Structures are given as C-alpha cells and as structure tokens.
Amino acid sequence: MTRTHAADVAVIGAGPAGLAAALAARQAGAVVTILDEGARPGGQIFRQLPAAFGTIGQPAADAPSHALGHALLHDVEASGVPVLARVTVFEARPGALAYERDGEVGVVRAKAIVLATGAYDRSVPFPGWTLPGVVTAGAAQVMVRGQMLRPGTRAVVAGTGPLLLPTLTALQAAGVRVVAALEAAPRTALLRGVGALLRSRAKRREAWHYARAFLRSGLRLRHGWTVFAAHGADRVAAVTIGRVDRTGRPRRDHEQRLEADLVCVGFGLEPSNELARRLRCTMLRGPDGSWVPQVDARMATSVAGVFAAGEVVGIGGVDTARAEGHLAGLAAAAHAGWTVAPERFAQAEAERVRERAVSRTLLAAFPVLPGLYELAAPDTLVCRCEDVRLREVREAAALFGPELRTLKMATRAGMGPCQGRICASILEGVLASRLGVDPHRHACPAAQVPVKPVAARCLLEALRELG
Amino acid sequence: MSSRSFDVVVIGAGIVGCAVACWCARAGLRVLVLERDGVATGTSGACMGHIMVNPEPEPLYRLTRRSVTLWQELRDRHPELHYLACGALWLAESDADLPLLQGLDRAIAGHGDRAWLLDARELHRREPALAPDLPGAWFYPDDAVVLPMQACGVLLGEAVRLGATVCTHTPATGVRLGPGSRIEAVRTPEGEVATAHVVVAAGVWTPAVHRQLGLPPVPIFPRRGDLAITAPFATPVHTQLLEVAYLRTATGKTIDPEGSEPDPGANAMNVQPQTHGTCLIGMTRQFGGLDRTLHPELLQRSLARAARFVPALLDAPVVRTWAGLRPYTKDKLPFVGPVPEIPGLHLAAGHEGLGITLAPVTGELVAQAITGQAPSLPMAPLGLARGAAGARHG
Amino acid sequence: MAEAPGPRLRPESARGPRVRLTCDGVPVEAHPGETVAMALWAADRRTLRRSTRLGAPRGVFCNMGICFECLVRIDGHATRACLAEVRDGMRVETIGPAPEAGA
C-alpha cells in the first residue's frame, strides 16, 4: 500500500530555506510536511551528525550561521512539523508529490508546494577529474562535518567562490594537510566579495569566523590558480596546478606537480532545479547562467500553488535562503487558505529584497569563469555517466551543428543517471569556450518523471496513484 | 550552403533522411539535407531501436530482411555503431498463444529463412529472468538493437564524409516546378537551391511538408508511444522481447486515425536491451495528433505489462521517460519511391514503428530510383498510388 | 613520515557498535550512522563502479545524491551509496563492466 499524506503545505528540502518556510507556514496555521533526501534535517549547510554517533561533537568549530541553523532546527522540532527524511521526491504535479524511501513509494497531496531544493557544486572538467579521490567541495564537507571522517592525508582544494573557505577549514580541522588552496578568481574578486559582505552584519560575522580560522591555519589562498590535472592509475596520487588569467583561461607558465590523495573542487554552485522544471515552472537564466524558476515578490512561481525559495531561485547563501523560505512559507500558507497579516508579508518581503541584494553582489564577485572550460583536453570526459570525451562533442558539433539537443543525441552526453545535473552546465561551458556558442541559444531542458532515477516498481506505483 | 545546386535535396534529418542521404552520397550524388529543427529531434530522437525482420506479410518480410542485411553491413563498416546483436524472442503468454508462434515459424520457413521455436525449458535457459510460467517463444537470431540517435549520427556522418551538406534549422519553404511539373528547385529562408530531386523524409510531419510545398496529400498519421529507459547495466534480459499476442491485436480491430472517436490507446510488451545494459521499455500506441506529451496512464500499463513478462524489471532503476510519434499508414507499409505526378519528387516516409529497421533499405531504394538503377525490391506496394487508391475506396 | 592516523575522527568507541557488511563479497566493518559510501571510503576502498563505456574506476563524487556515481546494488536494489546508511549483514555489489573488488 502506498503511504499517502495530506498537508496544506509540502516543503521539499530541509535546509535553511525549507526549515524557515515550514516554520512560517506552520505559524500561519497551515498543516505542513517537510520532505528531505538527507538522513537528518539541516541540509548541506546545517549538517547534523547521524543520531547514532551520539554526542561526539563537531570536528570544526561552529560558524555563526550554525547558531541560526540550530535555532531553526529546534523551532521546527518544537513546532511538531513532521520531517520525512531519506525520501527522494521523483515526481511532482501541482498539488501532489511522489517520493521513494527504501524502495517504497509515498504520495503527498498538498494545496501548496514549496521548492527549497538547494544547490550543489558546479563542476568544471579537467584531465583526471573522474579519478576516485577527486570529489566536490560539498562532498568533502559531508565527509568531515556529516560523517566525522578524515578523507585524506594530503589535499588540494580548488575552485572559486566563498565556499572554498568552509571546505578548507573543515579539512584542516579534520587533520588533512592542505597542500594547495586555489582560488581561480583574481584577488580583485575577493575585494569585491568583501565589499558585498560588509553590507550584511550576518555575513560579516560569518566571513570573520572563516577568515580567522583560515588565517590561524597558516594556509595561503593562491588567487588566479587552479587545478590543471589529476593523476593516478585507479585513484588520485598527484595533481598539476597552474595559473589562470582573469577569465579562468589556463596559463601554462607556472605549472607545478604536487602529491595529493584528495582533490576537492567546487566552482560555485548550481541550483537543484529539476522539480521546478518538472512542474513546468517558467525558467529564467540567473546572473550566473543557471536556470532558476521565475518567482514573484512573494516567491510564487509561474505555476499556481508552487513556490520556490533559497538557492533554487538563485545562489544566495544561508541568510537569503532563510529570508526567502520564510516569505515562501507565508505565501504558501496564504495560498492554502490561511490568513497572513499584510504587515507580516511586508516585513518578509522587505527582508528578502535586502538579503537578495547582498547575495547578488557576492555572486557577481565570483562569476563563472568561462576560460576554465579550456582546462579540458580532447580526451577529458565531459559526461561522466556516459563516458563522453570533449573530442567527441567537438566532432559531433562539427558534423551536426552546436545544438545541445542534437549533441546529446549524437554523443549520449547527458543521457545517463545524473540526468544532466553534472554535465548540462559543462556542455554549455565547453561549447561556449571552445566553439563560441552563445549559451543563451540553448533552451532550458525539460524534465520528465522520474526527476531522479528510481526503481521501475516505484515509478509504476506513483503513476498509478497520481494518474 | 556554399553550393547553390545539388543532385538531391533531402527534407528531414531523422533516421530515414540520414539513410537516404547516406545511400545517395554513396551513389556519388551531391546531397543537401534540410532539417527545420536539429538532427534526430523528431521521431528518431524518441523511439525504440529495433532492427527486426517481420515474417509477414510478404512485402514487409522482403523489406525488413533486406534492411537487416544492410544494417549488418553498416555494423561491419562502422565499429562505433552501438549495435547489439541480441536477436528477438516473440513470447507466448499462455498456451493459447502457441499457434501464433507456429504461424511465425511457418511464415519464415516459407521464405527459406531460419528461426527457432523454444519450449519453456529452452526459453528459460536462454533468459532466466523471464516469468516462470511462460510456455514458449519463437527466436529470430538476426534481429538487433541500435541506439537510434547515435545511428542517425553514424549514417549522416558517412554522408557528410562523402560530401553531403547538412543544414539544420532550415526548413524547405517551397518548390519550384518546371515544365511537366518537374522539380527544378527548393526554396529555403536562405534562398533557392537548384535540384532535380527532392526526397521528403519528414516522418509524421510529411503531410504538413507536402501541404506547405503544394505537393500531393500523403495519408500518414501520428501515433504516439510512451517509453521508459533504465540505468546502464540494469537490464535483466539480453534478448529483445515482444509478446506475440501483439500480432493478434495488430491484425484485429484497428482504430481509424481519421475517425471522430478518441483513441483510448493500447499497449503491448516490447523490451529492448541496449549496449551497456540499459533497457528500453515500450510500447504504447495512441492516435492523438502531433502532441508529444507523455501519457502517464499508458506508460504505467506498459511498465506493468513488461513486469508481467520480466518481473525483475521492477527493480531496475528508470532514468528517463518520454513520448514520441510514429508515422502510421493504414496498410502498415511506408511510402517509398517516386511520386509520378511530380517528376523528381520522392517519398521516404510512413514507416510507423519500423523506421530504424527500414531506414537502410529505404535509402537504397531511393538512391536506386534517383540514379535510374533497377530497384533491389519491388516498389509497387510502396507507392503513393496504392495509398490514394485505398483512400478512394474508403 | 609518521603513520597516518585512522580515517575516523574521535574515538571509534563513540560511534556505537560495529556492523559488518560485504562489498562484492569482501567484508567491511562500519558503525551505525555511517553511509555505505563513507564506510567504504574509511575502509580505503575508492572505486565503487567501473564506468559505462571505458570501464574506468569511479568513486564518490558529490556525496549528496546528485551525481549517481556511487550507484551500487544494496541487497539487490540499486541505491546511491552516499545516501544509504549501513546495516549489519548488508550486501553491497558494484554495478558495471568487470566489477573489481578492492580497487
């Protein structure tokens, strides 16, 4: 028997946006259910250790934002809002969701849906990036802060954006020797980023926390450097690093080879937008080129009863996510028939506008550097699932034209289980940098059921239930 | 388009257009492919990949058999082609289906061809993941499965290497006819292209193309199918599977695609393993115009039917689902060859569910017609005239 | 160089009782609350599958359920190792061409 739940508001994602949305909707009177893929609520940023670990404490000192996280988690727990953990939502229609958990299907029917699905690391391909031991920055944080592991002995951390700092401090706290910390963006980006940070008290404190930890570590963040290649037979054993110009294009004049058994890479974030695409929300290009659902002043998407908040509507960080989640929760409750006082909306809308402005500036300080897509060699894989090399994409583009749909068909890039989550931005990036194809000519890819791979029996059951 | 003059202009870059381009280029013709969208963005980007001999009726056997042989030659010529030589099992669900298997066997023997009737024990030895109660099957060894879009790329790639030109996002907007209604040129938004031959290989969009170009009507009707595919290395079976009872429904009461009643849709089991162990699950059939929206209810029935024959499929992770349109004709045969009223106009469309199978033989026949060679198979059953005659009687 | 300390931070005793699972038949010890991917990582196993066309080694990449690189068969069901928590007696099998144990 399929488990079915009814709610006024279903919130997908238990990070800061989702938790804040659930709380706001609950406080407005709505019956709320949270669905989250993780074992415990908190999302990627307020990551909690497994309950079975007991009270062994976090390896890294809590950042100020974690106090906010603890408060949100506490309030959600106190509010009695149920959190369906370890569930993968694989189908969404306005008013109904289907999820899989341990091979079983559940259906949530809700008057309003809040998408608070967060984001994940943007990947840029370089030779050797598919070797075991090369992981995303987020993966390394999960290892340390979510699983209390020391993931390696000698690590190279490379990428761009403010999230490199928490990754570095987590690795250091875990006793990993960071042999190189590489920020691809030039130092001026950091200064612009600091400018943005200074406009927000919360971000100032957060930045100070990580900066202090970083300064104490004695590490040097090398600006205008990145990882050029990872080497090894069946796992990473060494890396080549080098300098890049202001656009991220590799300069071959200062290459160095370092021994490392762990490489952590994160070139900014991209939104987890598959449910928004599945719900056929109107999608727009965000300032970083990502596809995000269009939202109005109260976080409503173009689809009635579907709201979105946090990283999924544009990378913005924890404060923006919380503010937007709060607003989306109020709007979702109002959509479900609960009364929300106009002044509460006004306050929430103003806070959201303020936070989004800060995060937009910060995001603009660390743009996606187009030249980084020149790191890939002809034999470098651009699609991990289907083992598609850059060379094959170029050959297909020469034969059939540079259209994404056709290239996917001809090469199978993007046809595997990641469903394009990792490789869609990579294909756009290499087409732009290698062939001069304007990314804006590509349409937003449609998403069909299931938005994440799921056993046929679950798909069958969900289609039976939802019709 | 650097040149303004070609021997043949192919309209449509699906599998049939790609094959026509390939065989015409092999014949030394200067080929231009016009595609209003991208390569394989229509039916060929949304279909199954069977290369399959149909034992009946006679004209279809000859066409499919010839085409399967041409596919085997393509496989030898293009090692990069994802071609899984898996054969096909036509499965009986119960003893009541066994006469259908014997009928297939008699038909294939009548052509002097070979296949095998398998009893339950032989069947389960070959495919242990099949439901244990299945009483038997008919196995045809030469059938295969390709990845349709990749196959389009291989065929078009060969054509391009032989000098063909491909213009995507370039529709044909008109034709210029000379004395005797002979084809003289094709119009595109980028100008006019002189040519003596036009091949319309636009699948379900062929009637629309003919309307646009002022050419004779073609009775082709879109028939949607809903599909699901698994992750790599998830297939529990290694042979293509069809339920033989499909033949009974296929020859029974047929829905009139021009009728006023909405088609409730139908489904039958067709499961195709692919190279790298993905498994494609079909098939559903429904007339409903050019709408390519997935029909969840039919897909659900199709998955359930597949699980009836292969219970282990229920555990396979599904990565994608989608819908595509088949170009259906009333007598289940495609329109291939010259259109006599308009000298220089050729049709290559209406292959319904056999577009991948029949693309090479279609390319061969069209190239033979254009170069004036004798056709390798009788063309009469494939002419537009037989469709027009049928329309007049009906 | 001094021998590297174990991969688990803080005393292992704080993690609760050991559980045993197997990966392609090889026994692996772990603790409740650990994910399958991290238990295998801690056991120094990096390769979780061989890639689809090239048969190249692949392991944990995103560690948060996005990339499906760590898709394994757990007690017969295809599951992302990074999201599944270990259980005593769990049977993990890698998926893909030529599965290799202990790579």
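Q: In chain B, what share of the contacts with a separation of 6 or more comes from residues 24 or more positions apart?
A: The share is 74%. Keep in mind that this is a predicted model.

Q: How many helices and strands are there in chain B?
A: Chain B has ten helices and 19 strands. Its radius of gyration is 21 Å, close to the 21 Å from the globule rule for 394 residues, so chain B is as compact as a globular protein of that length.

Q: And what box do its C-alpha atoms fill?
A: Roughly 65 × 45 × 40 Å along the principal axes. Of the 394 residues of chain B, 56% count as buried.

Q: Which domains does chain B have?
A: The domain assignment gives two entries for chain B. Domain 1 covers 5-48 + 149-220 + 331-393. Domain 2 covers 88-141 + 221-328.

Q: How do domain 1 and domain 2 of chain B sit, and what separates their centres?
A: Their centres, taken over C-alpha atoms, are 29 Å apart. In contact are 13 residues of domain 1 and 17 residues of domain 2. On the domain 1 side, six are nonpolar, six polar and one charged.

Q: Switching to chain A. How many helices and strands there?
A: Chain A has 13 helices and 22 strands. Its radius of gyration is 22 Å, close to the 23 Å that the globule rule gives for 467 residues, so chain A is as compact as a globular protein of that length. Its C-alpha trace spans about 65 × 55 × 40 Å along the principal axes.

Q: What percentage of chain A is buried?
A: Buried residues make up 63% of its 467 residues. In chain A, residues 24 or more positions apart account for 71% of the contacts with a separation of 6 or more.

Q: How is chain A divided into domains?
A: Into domain 1 (3-120 + 270-364), domain 2 (123-267) and domain 3 (376-441). The centres of domain 1 and domain 3 of chain A are 32 Å apart, taken over C-alpha atoms.

Q: What does Val382(A) touch?
A: Leaving out residues up to four places away in sequence, its partners include Pro125(A), Leu390(A), Cys423(A) and Val430(A).

Q: Now the interfaces. How many residues of chain A are in contact with chain C?
A: 44 residues of chain A are in contact with 42 residues of chain C. Elements giving two or more residues to the chain A side are β7 (119-121), β8 (134-136) and α3 (137-146). The largest share, four residues, comes from α3(A).

Q: What kinds of residues are on that chain A side?
A: 23 nonpolar, eleven polar and ten charged.

Q: And how many residues of chain C are in contact with chain B?
A: Eight residues of chain C are in contact with seven residues of chain B. The chain C side divides into three nonpolar, four polar and one charged.

Q: Last topic: what pLDDT does chain C average?
A: Chain C averages 87, and 85% of the residues score at least 70. Over residues 99-103 of chain C, the pLDDT is below 50. That stretch has 13 contacts in the model beyond near neighbours in sequence.

Q: What ipTM and pTM does the complex get?
A: The predictor gives an ipTM of 0.95 and a pTM of 0.94.

Definitions and conventions: Residues numbered from 1 in each chain as written. Chains lettered and ligands numbered in written order. Predicted model: local features only at pLDDT ≥ 70, side-chain atom pairs only at ≥ 80, totals over all residues. Contact = placed C-beta atoms within 7 Å. Nonpolar A, V, L, I, M, F, W, Y, C, P; charged D, E, K, R; others polar. Rg over C-alpha atoms; globule rule 2.2 N^0.38 Å. Buried ≥ 20, exposed ≤ 12 C-beta atoms within 10 Å, placed from the backbone. Domains from an automatic or database assignment. pLDDT = per-residue confidence, 0-100.
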